[in-house]
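Please examine the sequence and the structure shown below.

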Amino acid sequence: MTTGTTDAAGAALHTGRDGDLALAPEEARRATNEHYELPPEVFRAFLDERVKYSSGLYRSPDATLEEAQTAKLHFVAERLGLRGGEALLDIGCGWGSLTLFMAEEYGCSVTGVTPSGPQAEYVRAQAARRGVADRVDIRVGSYTDLELDARFDAATMLGSIIHMPDRVAVLRKVHASLRRQGRLYLSESCFRSEEVYKEFAARPGTKHVTETIFGFADMVPFSHLVAATESAGFSLAGLDDLTAHYHRTIEEWERRAQANRDRIEAAAPGMADPLVEYLRVANAGWGYTSKHYALTATKTRLGPTAVG
């Protein structure tokens, strides 16, 4: 194993099962792709029409999954202070829900990063179909290894840093790529505390999600991500608890996966059962062992200088 970044006191600041890098970035990318390079038809069978693979935001009790996912995308734009036309970096862009939305609805120039070739092809095709190909640039590979010359006004990481072995290095790279006063939105599922992390990280149910389904995912307490964000030079601007929203989102995903088992099996034989088990395991722990938080941070030493 490779020893990771430490602070002055010698504590590990990046990821690390047992304080070390669990995998080299390229190994983590290959392992993770086993999940994300499944055919898009698998994900279309249980996600919303945008194929958004992260928590929605339910603004009313009777909101649909589609409405919740649209509300969540506007929420991210609000947290980033987008007014239109910004340069945005979407790290872990998935099937392009946020990338395409910000290009269409906010006129942003978006650079999306994905480790998956099939995802990149899908997003490029969707951008062309929607008439925003000139505002969407998709890069394939591990963000850690990619060279991006552009400077950005904002960056997003929705559920992607969990797949990256050295989070401090990643966040320092994001910090360097942002313009002054640039903003970061980062959301992630996490263990609810250090004590719970130590007790549950190695249990079979956890490993089914982090290693069987995702190939590589190092879920940690959110305090680890806050420390990494601070170490990267960001000023923290806000924290949102979205746990209840993700619980409801996954309830709907499971309902749709059960209803569309035949579609999932046709696209990826043998995938329906482990997918449903993953959704059930993920949803069982909310509030007990796991939480879902989002933080907003700014590239500034003084923090926000004006309310607006």
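The model is predicted. In soluble globular proteins, nonpolar side chains tend to be buried together. The largest nonpolar core here comprises 34 residues, and those with the most contacts inside it are Leu89, Tyr143, Met157, Leu171, Val174, Leu184 and Leu186. Two or more residues of this core are contributed by each of strand 1, strand 4, helix 6, strand 5, helix 7 (194–200), helix 9 and strand 7 (290–298). Strand 5 supplies the largest share, namely 5 residues. Apart from this core lies another, of 29 residues, which includes Ala77, Met102, Tyr106 and Ile138.

When residues up to four places away in sequence are not counted, Met157 touches Ile91, Met164, Val170, Leu171, Val174, Leu184, Tyr185, Leu186 and Ser187.

Helix 6 spans residues 167–177, and its buried residues are Arg167, Val168, Val170, Leu171, Val174, His175 and Ser177. These buried residues pack against strand 1 (87–91), strand 4 (152–158), strand 5 (178–191) and helix 9 (222–231).

On the side of helix 6, the contact is made by Arg167, Val168, Leu171 and Arg172, while helix 9 takes part through His224, Leu225, Ala228, Thr229 and Ser231.

Attention now passes to two residues elsewhere in the sequence. Ala63 lies in the loop between helix 2 (40–44) and helix 3 (65–80). Is Ala63 buried or exposed? Its relative accessibility is 12%, so Ala63 counts as buried, the cut-off for this class being under 20%. With residues up to four places away in sequence not counted, Ala63 touches Tyr58 and Arg248.

Glu252 is found in helix 10, which covers residues 243–259. Glu252 also counts as buried, because its relative accessibility is 17%. The side chains of Glu252 and Arg255 are joined by a polar contact of 2.6 Å. Leaving aside neighbours within four places in sequence, Glu252 is in contact with Tyr58 and Leu65.

Key. Residues are numbered from 1 along each chain as its sequence is written. This is a predicted model: local features need pLDDT of at least 70, side-chain atom pairs count only at pLDDT 80 or more; totals for chains, interfaces and linings use all residues. Side-chain values use heavy atoms; hydrogens and water are left out. Helices (H or I, at least four residues) and strands (E, at least two) are DSSP runs, numbered from the N terminus. Buried means under 20% relative accessible area, exposed over 50%, partly exposed in between (1.4 Å probe, protein chains only). A polar contact is a pair of N or O atoms within 3.5 Å; within protein, one must be able to donate a hydrogen and the other to accept it, and residues adjacent in sequence count only if both atoms are side-chain atoms. Contact means heavy atoms within 4.5 Å. A nonpolar core is a set of buried Ala, Val, Leu, Ile, Met, Phe, Trp, Tyr and Cys residues joined through side-chain atoms within 4.5 Å.
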